[in-house]
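Hello,

Here is the structure for you to open alongside this email. My notes on it follow below.

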Protein chains: 2
Amino acid sequence: MSELRHDPVQKRWVIIAVERGRRPSDFKKQEITTRQVKTCPFCYGNEDRTPPEIFAIRPDDSKPNKPGWKLRVIPNKFPALKVEGGLNRRGLGLYDLMDGVGAHEVIIETPDHNAHLGEMKVEDVFNIVKVYRDRIADLYKDHRLRYALIFKNYGETAGASLAHPHSQLIATPITPRTVAAELDSAREHFIQKERCLFCDIINQEVAMGERVVLMDDKYIAICPFASRFPFEIWLLPRRHQYDFSLLCDDDLTALADTLKKVLHKLRIALEDPPYNFVLHTAPNYNVRRPGRPNYWETLPYDWHWHIEIIPRLTKIAGFEWGTGFYINPTPPELAAEFLRSANEE
Amino acid sequence: MSELRHDPVQKRWVIIAVERGRRPSDFKKQEITTRQVKTCPFCYGNEDRTPPEIFAIRPDDSKPNKPGWKLRVIPNKFPALKVEGGLNRRGLGLYDLMDGVGAHEVIIETPDHNAHLGEMKVEDVFNIVKVYRDRIADLYKDHRLRYALIFKNYGETAGASLAHPHSQLIATPITPRTVAAELDSAREHFIQKERCLFCDIINQEVAMGERVVLMDDKYIAICPFASRFPFEIWLLPRRHQYDFSLLCDDDLTALADTLKKVLHKLRIALEDPPYNFVLHTAPNYNVRRPGRPNYWETLPYDWHWHIEIIPRLTKIAGFEWGTGFYINPTPPELAAEFLRSANEE
């Protein structure tokens, strides 16, 4: 069982793997996670090397955990959090902790070991974002869970330990700190102005134009004004929408198209860089906590979901860990211009 | 001139290099910063390859910017911030920005290209921490500057672009967000309990013992309860001290000894890992801002300076950027036990 521990200085929860922690000797040699796995556990025929699937898109006549699927959702084999049990909140002197309850799932996006999201068919990307929506909706029925975090690590530098295209979902009994800070900002802006912070940002970016990467009827991709990293991109719905799990299939089809285009631009503009993306949807507002008015867990109509895409280009990320302070060597205007003109054949 | 831009969502200032931004093409090939520089700009005889020194420890009969020195402080050749000019605070629609005013200095710690802080003589480490103290005190005379951040990147993975032992100082017109959050926590704890948060942590850690790496009369090194990273270490003075720039020479000698020991333990326990450390001292409380009671810029007697050391062992740092959420595979108790028993010959 892992633990969620609270840092009283940073006021941040950290997942600590107490049980099967990596021993110090595991770090001694620089790890090289081989990516030429002959028998990739995510490829056809190796379904028995993963835990049994939670969900799959597969022909009616095919059997679970056998080949033939188009997409699979499985529990992570080495989960950071486990679904069983209560939170068991407790104190330890000054400190607070609880059991590592939650979900940790893997979305195997395609049977094709070498596929790239930016080059897949729109209908296949649609299946992926649809499963994001449906897994979030399903997990939010569990009132112990406060947040479902969808993210993707692409490339070894970005933290991917397997090359086969996949994304991950971690559902936690807390809202991650960065998301909580954003929810607070959006709420505060709304209280002041009775307008959505992100809608205001979108309006200004459309008017100024110079940081827009692409824009269609439903979505906009921008390099944010205060980008922390070169070529950082936010992808937002142009119409105000607070909850990703309420998206209709039409919205998802349009999103699949835009996401694919943005990732394709990134791939051709920067020669297939490693990247992370994270979906910032609303927290689980079904949760009602007696006696603790954590107010963005009421209906978060002032929230505006979005996807943050971060190419991992710079190593110059030393002191950022310890400071929350960033130096970005590439202005977002330059990055957006370059991405706009990146050729989409 | 670089710009400081404010992210209205994360409420975070980012330094953006507007002028000599890295062009997209700079990222195309994975950069390899050669570390076998034949003519290292930080070695004897190459002093003219750096900007003129701000300070040096050198024999009385030696000339500035010539060999013979024991330690040099120079302006960064490619500074993120520049000392000249006013802040020029302004708005741009929804956004806020100011000119990139500040200081960016490099402390060349020794003439020995291959030295390691953990293996240097205590008196040489003393010179380094003494220069930290003196540079902070000097820069805090400038009332435009709110914070002086001392940090060290050791090893390429940790962001060091030159192998020669050096640390850096960035002084900014804002307090970095992570430090600001810690200052707020410490103030809040003090208001509630009239005790220092860090003193309370130290007391509990001494009593429990299991997360203590080493402890002497003046200092303590612990793996924090909610460590974000494997083998993360905090080094704190056992006696309450809020301002690093007020340390006396005796305190600095003891600090040099402890810092050296901790880094030596890290080096032998984990086979010379790359690491970052950051000094979290008090903000510049000489600054008095009319009309804006940013209250931890009054005398921060409730602060407790410390050094955070982060070995860079895991690549599994993908989604952390986008969430502020961490999964640590090594419990701090295990890490501390291993470091305690690491042999110091």
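Two strands count as paired if DSSP finds at least two bridges between them. That holds across the two chains of this predicted model. Strand β15 (residues 326–328) of chain A and strand β2 (residues 12–16) of chain B are joined by three bridges. The two strands run parallel. Within this pairing, look at A:N328: B:I16 in β2(B) stands opposite.

Now the contact as a whole. Chain A gives 72 residues and chain B gives 72 residues. On the side of chain A that touches chain B, helix α3 (residues 177–193) of chain A supplies the largest share, six residues. That side of chain A has 41 nonpolar residues, 17 polar and 14 charged.

Two backbone angles in chain A are also worth a look. Most residues other than glycine have a negative phi. A:N65 has a positive phi, near 60°, and is not a glycine. Find A:N65 in the loop between β3 (55–57) and β4 (71–75) of chain A.

A:D272 is not a glycine either, yet its phi is positive, about 55°. A:D272 sits in the loop between α5 (249–269) and β13 (275–280) of chain A.

How exposed are these two residues? A:D272 has 13, so it is partly exposed.

Best wishes

Conventions:
Residues are numbered from 1 along each chain as its sequence is written. Chains are lettered from A and ligands numbered from 1 in the order in which they are written. This is a predicted model: local features need pLDDT of at least 70, side-chain atom pairs count only at pLDDT 80 or more; totals for chains, interfaces and linings use all residues. Two residues are in contact if their C-beta atoms, placed from the backbone, lie within 7 Å. Helices (H or I, at least four residues) and strands (E, at least two) are DSSP runs, numbered from the N terminus. Ala, Val, Leu, Ile, Met, Phe, Trp, Tyr, Cys and Pro count as nonpolar, Asp, Glu, Lys and Arg as charged, and the others, Gly among them, as polar. A residue is buried if 20 or more other C-beta atoms lie within 10 Å of its own, exposed if 12 or fewer, and partly exposed in between; C-beta atoms are placed from the backbone.
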